[in-house]
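The following paragraphs describe how the parts of this structure are arranged and how they touch one another.

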Amino acid sequence: MNKIFIAATSKVAAADLPSARLGPRFARLDLQSQMALLAVESLGVDFQEFSPDRVAVCLAAKIGSLSTDVEFWNGRDGAGGPSPTLFAYTLPSAAIGEIAIRHKLTGPNLCFVDDDKILLSEAADLIQRGEADYCVCVSCAVVTAAAAELIQIPPETGACAVFLQRGEGLRELTEFDRDMKSLCANFCRPKISG
Amino acid sequence: MREPPANFPTPVAIAGCGATTAVGRGVEALRSALRANSSGLRACEKFDSPRFQSKITGAIPQTGNDNDNPAWQFATDALEEARSSALEILKKIPAERIGLVLSTTKANIAALERISENRLCSETARRHLQGNFLAADLAAAHGARGPVQCVSVACVSGLVAIQQAAKLIQRGAADAVFVVGVDTLSNFVMAGFTALKAIDPNGCRPFDKDRCGLSPGEAGAAIVLVGQASSLCSSKSQLDRQDACPTIKILGWGGSNDANHLTGPSRDGSGLARAIRSALKMSKLLPAEIDYINAHGTGTPYNDAMESIALKNVFGEACPPFSGAKGMLGHTLGAAGVVETILCAIAMQEKFLPGTPRLNTIAEGVPAGLVREPRSVAKINRVLKLNTGFGGANGALILGHE
């Protein structure tokens, strides 16, 4: 069995959004996609070094797209009716599409509606099986005030990302690496092999 | 007999199925509609409003109840049928070794509508706004104490859920997994597709020259997947009326992303073609060994054109027979991959090629293999199931029948 390594990590909060410089399209994305893109950007990985079809993108969306669902639904009676742009983001996996478009990543995708406790092991499995050589793993917890009220949990906005690969990295991924937030807080410098 | 691929150590097979769809409740209703090439699309008065592009949908025939949790109901109905049909096999597996993978895009979105309109909504219905809680509660209610996942990759979710379930079995985390697909029709979904101008006012017509959009649908669908350990092989599944062991197996899969546009497919079909090639490679099959393809076939101009190009890209002029089921069921979103895989399993077991309901005139550019009406065949042992979705996702799954 090939060893899988953590090659880069990142962690971002809502306070990081105003300083994001990700082009004019960025402002049109929903909050979850913005957080996910910013987390991936913060990995510092140059994805052009890799064959795009060998890079998978895996996402854990803590409450799916519920924050955007509420925003879309609350706008249904506004001028012009419900927003077609926002509707596209009422899918939990929409952020994967945005990451794929920005970085031209054409490998397989996986998205869980849940916290991130199985994300890294499932991503590693994709690599172990040869379905991908690299994997961008993103965990998003985007709970707006309106969504928080709906499902009666505290609001929060945060995202973290981990880049997995074979061969080398910051350290080997183990079965105990289940809490992405803690993991990402412990590493900050990327080390990538092309 | 063909050897399983090297990276596929444990064969995984379909032991039971259940479905609640626009053509009625139960797999038998699906089987009858498939044989008759009939459509379950009809006018649904609930959506008779200028706010929506069409009132023609693939709605499940109404029960008359004002249900605040239709996702739970449809999923439960389908799962009960699937469990019942796989009862003999499931009796041999402890609950701790049974997992559940839920495929959904919107879970119980009906609760959001009800709460925003100050209509009665139970705490359970509210809780099931979150797909992971819906999955956990389905598992608890149906005796699955093994691993539970909620997968949501747009309209490819169903195929990804089947893959995830197969992986759980292959790596020894479970001996059986319930794959459940569910999405329900709602004002939310109808308003969204109307905003995108994606609905055919007259009902969808996949691969037709006059096609102009999809028809939203709803479904609950469930598949019991089991590892083919010898101890399980003395039981029949409902799909295997004469055999001593479930014989429809998962041979391989492939996934890709177009990296092109959030709501539109790539025009050249290269992403879907890549997913198909990955599935063929994992299954160790050549394109010529595929007997039938069940297409995504939404009925939107761009999707069906892209899919046609992708099929020609992989299969050239010798495209195997293919058809699409969304003229029968509508687009059931997160349930589509699961319910359409059940259709494929029925066709394989009964040796016939499903047709393409509501097709009138085949569009230009569609490969020659499009099946208009169902017809019997001598063999249909290797089937390719395709789905694509928003966010550029593509999925391909290959089933085998020994």
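Chain B of this predicted model has twelve helices and 15 strands. Its radius of gyration is 19 Å, close to the 21 Å that the globule rule gives for 402 residues, so chain B is as compact as a globular protein of that length. Along the principal axes, the C-alpha atoms of chain B fill a box of roughly 55 × 50 × 40 Å.

Chain A has seven helices and six strands, and their order along the sequence is β-α-β-α-α-α-β-α-β-α-β-β-α. For its 194 residues, a compact globule would have a radius of gyration near 16 Å, and the 16 Å of chain A agrees with that. The box filled by the C-alpha atoms of chain A, again taken along the principal axes, is roughly 55 × 30 × 30 Å.

Chain B is divided into two parts: domain 1 covers residues 12-232 and domain 2 covers residues 248-401. The C-alpha centres of these domains of chain B lie 20 Å apart. Across the boundary, 63 residues of domain 1 of chain B are in contact with 56 residues of domain 2 of chain B. On the domain 1 side, at least two residues each are supplied by β1 (12-21), α1, α7, β7 (176-183) and β8 (219-227) of chain B. The largest share of that side comes from α7(B), with eight residues. Sorted by class, the side of domain 1 of chain B that touches domain 2 of chain B has 34 nonpolar, 20 polar and nine charged residues.

Helix packing can be followed pair by pair. Two packed helices are described by the angle between their axes and the distance between the axes.

Take α7(B) and α12(B) to begin with. Their axes are 5 Å apart and the packing angle is about 75°. An angle of 65 to 115 degrees counts as roughly perpendicular, and α7(B) and α12(B) are therefore roughly perpendicular to each other. From α7(B), the contact uses Ser157(B), Gly158(B), Leu159(B), Ala161(B) and Ile162(B), and from α12(B) it uses Ala336(B), Gly337(B), Val338(B) and Thr341(B). The residues of this contact between α7(B) and α12(B) divide into five nonpolar, four polar and no charged.

Helix α12(B), residues 336-350, also packs against α1(B), residues 27-36, at an angle of about 70° and with the axes 10 Å apart. Here too the helices α1(B) and α12(B) are roughly perpendicular to each other. The crossing in which α1(B) passes α12(B) is right-handed. Val27(B), Leu30(B), Arg31(B) and Leu34(B) of α1(B) make the contact with Ile342(B), Leu343(B) and Ile346(B) of α12(B). By class, the contact of α1(B) with α12(B) has six nonpolar residues, no polar residues and one charged residue.

The next pair is α9(B), residues 270-283, and α10(B), residues 301-315, which pack at about 45° with axes 8 Å apart. That angle makes α9(B) oblique to α10(B). What is the handedness of the crossing in which α9(B) passes α10(B)? The crossing of α9(B) past α10(B) is right-handed. In this contact, Leu272(B), Ala273(B), Ile276(B) and Arg277(B) of α9(B) meet Met306(B), Glu307(B), Ala310(B), Asn313(B) and Val314(B) of α10(B). The residues of the contact of α9(B) with α10(B) divide into six nonpolar, one polar and two charged.

The contact between the chains remains. How many residues of chain B are in contact with chain A? There are 38 residues of chain B in contact with 40 residues of chain A. The elements of chain B that give two or more residues to this side are α4 (110-116), α6 (131-141), β6 (148-151), α7 (157-170), α8 (187-195), β9 (248-257) and α9. The largest share of the side of chain B that touches chain A, four residues, comes from α8(B). By class, that side of chain B has 18 nonpolar, 17 polar and three charged residues.

Technical notes:
Residues are numbered from 1 along each chain as its sequence is written. Chains are lettered from A and ligands numbered from 1 in the order in which they are written. This is a predicted model: local features need pLDDT of at least 70, side-chain atom pairs count only at pLDDT 80 or more; totals for chains, interfaces and linings use all residues. Axes are lines fitted to C-alpha atoms, for helices over the stretch in contact, and angles run from 0 to 180 degrees between N-to-C directions. Angles under 35 degrees count as roughly parallel, over 145 as roughly antiparallel, 65 to 115 as roughly perpendicular and the rest as oblique. A crossing is left-handed if the near helix is turned anticlockwise from the far one by less than a right angle, and right-handed if clockwise. Two residues are in contact if their C-beta atoms, placed from the backbone, lie within 7 Å. Ala, Val, Leu, Ile, Met, Phe, Trp, Tyr, Cys and Pro count as nonpolar, Asp, Glu, Lys and Arg as charged, and the others, Gly among them, as polar. Domain bounds come from an automatic or database domain assignment. The radius of gyration is taken over C-alpha atoms; the globule rule is 2.2 Å times the number of residues to the power 0.38.
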